[in-house]
Amino acid sequence: MTQKTTRPRIVVGVNHSPAATAALRWAVGEASLRDAAIEAVHAWQWSGQHRASYAPMGTWRSHDEEFQAARERTRRIVADVLPSAEPVVAHGPPAQVLLAHSEDADLLVLGIRSPAPGVPATATPVLAACLMGARCPVVVVSPEMLPAPDLTPYDVTLSGAPIR
């Protein structure tokens, strides 16, 4: 039996939503347990390929402009949770991008938005495709699964016996 010599890798889908942020926060905790690397992946598609030829040109942004905007927004979102990580922004349909990046990963983590109270959660087409096609375990995280970060300051008083 051969021993795995590479560090475990967790791929997290990041789509600029609270659910994706929750998935990233969950993955950070899991990565610390596994001593794993995190790869935050954002799938991006140029909106120009879906525009009608008669749409006003003044509303169009170039492929490069949209890519840079998506990359910067993804960097800011990831940096709020994991400042040392450089996210991957890849062109293509989300399910295909996530499946390709998680092909040799140890875990794929995805977020699911919270439904209205009393309504069951439903899988999006991207989530369903990843659950069916991933070659690694998939964890689905909703924002309610994680406690909100406690941002209140603590007053800590230390006491002890005097040193002689």
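User: What should I know about the model and its numbering before we start?

Analyst: This is a predicted model, in which local features need pLDDT of at least 70 and side-chain atom pairs count only at pLDDT 80 or more, while totals for chains, interfaces and linings use all residues. Residues are numbered from 1 along each chain as its sequence is written, and side-chain values use heavy atoms, with hydrogens and water left out.

User: ok, how many helices and strands are there?

Analyst: The chain has four helices and five strands, where helices (H or I, at least four residues) and strands (E, at least two) are DSSP runs numbered from the N terminus. Along the sequence they follow the pattern β-α-β-α-β-α-β-α-β.

User: And what order do the strands take in the sheet?

Analyst: The order is S3-S2-S1-S4-S5, in an open sheet of five strands with parallel pairing; two strands pair if DSSP finds at least two bridges between them. The edge strands are S3 (88-91) and S5, each of which pairs on one side only. From one strand to the next, the twist averages 25°.

User: How many bridges join S1 to S2?

Analyst: Five bridges join these two parallel strands, and within the pair Val-12 stands opposite Ala-40 in S2.

User: Switching to helices, which strands does H1 lie across?

Analyst: H1 lies across S1, S2, S4 and S5, and it runs at about 150° to S4. For such angles, axes are lines fitted to C-alpha atoms, for helices over the stretch in contact, and the angles run from 0 to 180 degrees between N-to-C directions. H2 also packs on the sheet, where it touches S2 and S3, and its direction makes about 145° with that of S2.

User: How far does H1 reach?

Analyst: H1 covers residues 18-34, which is 17 residues, and reaches 24 Å from its first C-alpha to its last, close to the 24 Å expected at 1.5 Å a residue. That expected span is 1.5 Å times one less than the number of residues.

User: Which residues of H1 are buried?

Analyst: They are Ala-19, Ala-20, Ala-22, Ala-23, Leu-24, Ala-27, Glu-30 and Ala-31. Buried means under 20% relative accessible area, exposed over 50%, and partly exposed in between, using a 1.4 Å probe and protein chains only. An α-helix has 3.6 residues a turn, so residues three or four places apart point the same way.

User: What do those buried residues pack against?

Analyst: They pack against strands S1 (9-13), S2 (37-44), S4 (107-111) and S5 (138-141), and also against helix H2 (63-81), with contact meaning heavy atoms within 4.5 Å.

User: Now the loops: which loop holds His-16?

Analyst: His-16 lies in the loop between S1 and H1, and it has a positive phi of about 70° although it is not a glycine. Asp-35, found in the loop between H1 and S2, likewise is not a glycine and has a positive phi of about 50°.

User: Is His-16 buried or exposed?

Analyst: His-16 is buried, with a relative accessible area of 18%.

User: So what does His-16 touch?

Analyst: Not counting residues up to four places away in sequence, His-16 touches His-42, Ala-70, Arg-73, Thr-74 and Ile-77. Its side chain makes a polar contact with the side chain of Arg-73 at 3.4 Å, and another with the side chain of Thr-74 at 2.7 Å. A polar contact is a pair of N or O atoms within 3.5 Å; within protein, one must be able to donate a hydrogen and the other to accept it, and residues adjacent in sequence count only if both atoms are side-chain atoms.
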